[in-house]
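Okay, thanks for coming, everyone.

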Amino acid sequence: QTVYLNGEFLPLHQAQVSVLDRGFIFGDGAYEIIPVYSRHAFRLQQHLQRFAASLTALRLSNPYSNAQWAALVQTLIARQDEADQSIYLHVTRGVAPRDHAFPAGVSPTVFMMSNPLITPSAAQISQGVSCISASDIRWDRCDIKAIALLANVLLRQQAVDAGAVETILFRDDILTEGAASNIFAVRNGVILAPPKDQHMLPGITYDLVLELAAQHSVPVEIGYFASSVIRSADELWITSSTKEVLAIVTLDGQPIANGQPGPLFKRMLGWYQDYKQQVMRH
Ligand code: PLP
C-alpha cells in the first residue's frame, strides 16, 4: 500500500514518524476523510475547504494550496489497486520536545493514506440500522475535525458493545450529531436538522442532503431539537461520507415510528445516488 508522508510517496511499512510528533503526544492536528468512487474524489473541494478551516482553527498553517492537495490526492488515488477508496488526510503541528505551547520553527507532519471504501451493506440500506443514545461528553469545538478523538472513540465503542451502528449524542438533551456522523429527523414531511454551530462537525454529507432537499422542494427546519422530538420523529437518518444516508429504525431498542425506513428516506437515498452517478460521469 502506497502512502504519502512529508513530501514523498512510499510503502506503508516505510512510513515512520517520531514518537515526539505532537500528533502522538497531544493529538495536536487535524484530519479529513474523502470518499472516492471509481477513482473520483467525491466533493473534493468541499473537503479541502473544511480541512483548511480545521487547520486555521487549530492555528496550524496549511502546508499546501487546495490545488496542491488535489494533485496529491489524485496521485495517491492513482497508486491504489481499488477504484473505490477512502482517502485520509492528516496534518500535525510536527515534531518537538514535549511542551504544551506551540514549538517555534517546526514544520508540520503531513500524512495521507488510502483505504478500500467500506460502504453500508444492502441490508443496512434497505432495512435501516439501530442506534443508541448517549450524552455528548465532547468539548465545545466539535466543528473542528481534530485528530484528538478520545470521546468519539469511547462513544462509538458504546454503540458497538450494544450491537448498534452509531451513538446519537444529546447535549443537555438537545440533539448534536452522531459519534462519527450527522443526524436528521423528519416530522410531518419537514426535515429537522441541528445548526452548524460549535457542537457538531459541519458534515459534507449534511450539506449535500440539505442541497438535495432544497432542489426537490422539501421543507427544512434548522433548530435545536430535544430528545423527545427525536424519539417521536416520523423518520431518523444518519449521514456521513462513508455511510452516505441510512435510515435509523430503532433508538435505544425502541422503534422509530413503525420501525421501517420511511418514504422521505427512500426519496433522499435515490436523489443521493443519482447525484453520485452524475458527478462520476464528469
Ligand atoms: N460528525 C462527526 C463527529 C464525524 O466524525 C463525521 C465524519 O464522518 C461526520 C459528522 C460526518 O461528516 P461527513 O459527512 O463530512 O463525512
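I'll go through a sheet, the cores, the ligand shell and then a few single residues.

Before that, some housekeeping. This is a predicted model, so bear in mind that local features need pLDDT of at least 70, side-chain atom pairs count only at pLDDT 80 or more, and totals for chains, interfaces and linings use all residues. Residues are numbered from 1 along each chain as its sequence is written.

Let's start with the sheet. Six strands form an open sheet in the order 2-1-6-5-3-4, and the pairing is antiparallel. When I say strand or helix, I mean DSSP runs numbered from the N terminus: helices are H or I with at least four residues, strands are E with at least two. And two strands pair if DSSP finds at least two bridges between them. As a reminder, strands of a sheet pair through backbone hydrogen bonds, either parallel or antiparallel.

So which strands stand at the edges? Those are strand 2, residues 8-11, and strand 4, residues 40-41; each has a single partner strand, so one side of each has no neighbour in the sheet.

What packs on this sheet? Helix 2, residues 44-57, does, and it touches strand 3 (29-37), strand 4 and strand 5 (85-92). Touching, or being in contact, means C-beta atoms, placed from the backbone, within 7 Å. The direction of helix 2 makes about 175° with that of strand 3; for these angles, axes are lines fitted to C-alpha atoms, for helices over the stretch in contact, and the angle runs from 0 to 180 degrees between N-to-C directions.

Now the pairings. Strand 1, residues 2-5, is joined to strand 2 by four bridges, and Y4 has F9 of strand 2 as its bridge partner. Strand 3 and strand 5 run antiparallel with eight bridges between them; there, E32 is partnered by L89 in strand 5. Strand 3 also pairs with strand 4, over two bridges, and V36 stands opposite A41 of strand 4.

Two hairpins are worth a look. The one made by strand 3 and strand 4 has two residues between the strands, and S38 takes a positive phi near 50° there. In the hairpin of strand 1 and strand 2, again with two residues between the strands, N6 has a positive phi of about 45° although it is not a glycine. For context, most residues other than glycine have a negative phi. N6 is partly exposed, because 14 other C-beta atoms lie within 10 Å. The cut-offs, with C-beta atoms placed from the backbone, are 20 or more others within 10 Å for buried, 12 or fewer for exposed, and partly exposed in between.

D252 is another non-glycine with a positive phi, about 55°. You'll find D252 in the loop between strand 14 (244-251) and strand 15 (254-255).

On to the inside. How many residues has the largest nonpolar core? It has 39, and C131, F184, A185, L236, W237 and I248 have the most contacts inside it. A core here is a set of buried Ala, Val, Leu, Ile, Met, Phe, Trp, Tyr and Cys residues joined through C-beta atoms within 7 Å. Take F184: not counting residues up to four places away in sequence, F184 touches I191, L192, A193, V209, W237 and T239. Apart from that core lies another, of 16 residues, including F42, L48, L76 and I87.

Next, the ligand. There are 13 residues around the ligand, and L201, G203, I204, T205 and S241 come nearest; near means a C-beta atom, placed from the backbone, within 6 Å. Helix 6 (204-215) and strand 13 (235-240) are the elements giving two or more residues to this shell, and helix 6 gives the most, with three. By type, the shell has four nonpolar residues, eight polar and one charged.

Last, two residues of helix 6. V209 lies in helix 6 and counts as buried, because it has 24 C-beta neighbours inside 10 Å. Beyond its neighbours within four places in sequence, V209 is in contact with F184, T239, V245 and M268. Q215 also lies in helix 6, but Q215 is exposed, with 10 other C-beta atoms within 10 Å. Between Q215 and W271 there are 9.7 Å, C-alpha to C-alpha, although they are 56 residues apart in sequence.

That's my tour.

Technical notes
Ala, Val, Leu, Ile, Met, Phe, Trp, Tyr, Cys and Pro count as nonpolar, Asp, Glu, Lys and Arg as charged, and the others, Gly among them, as polar.
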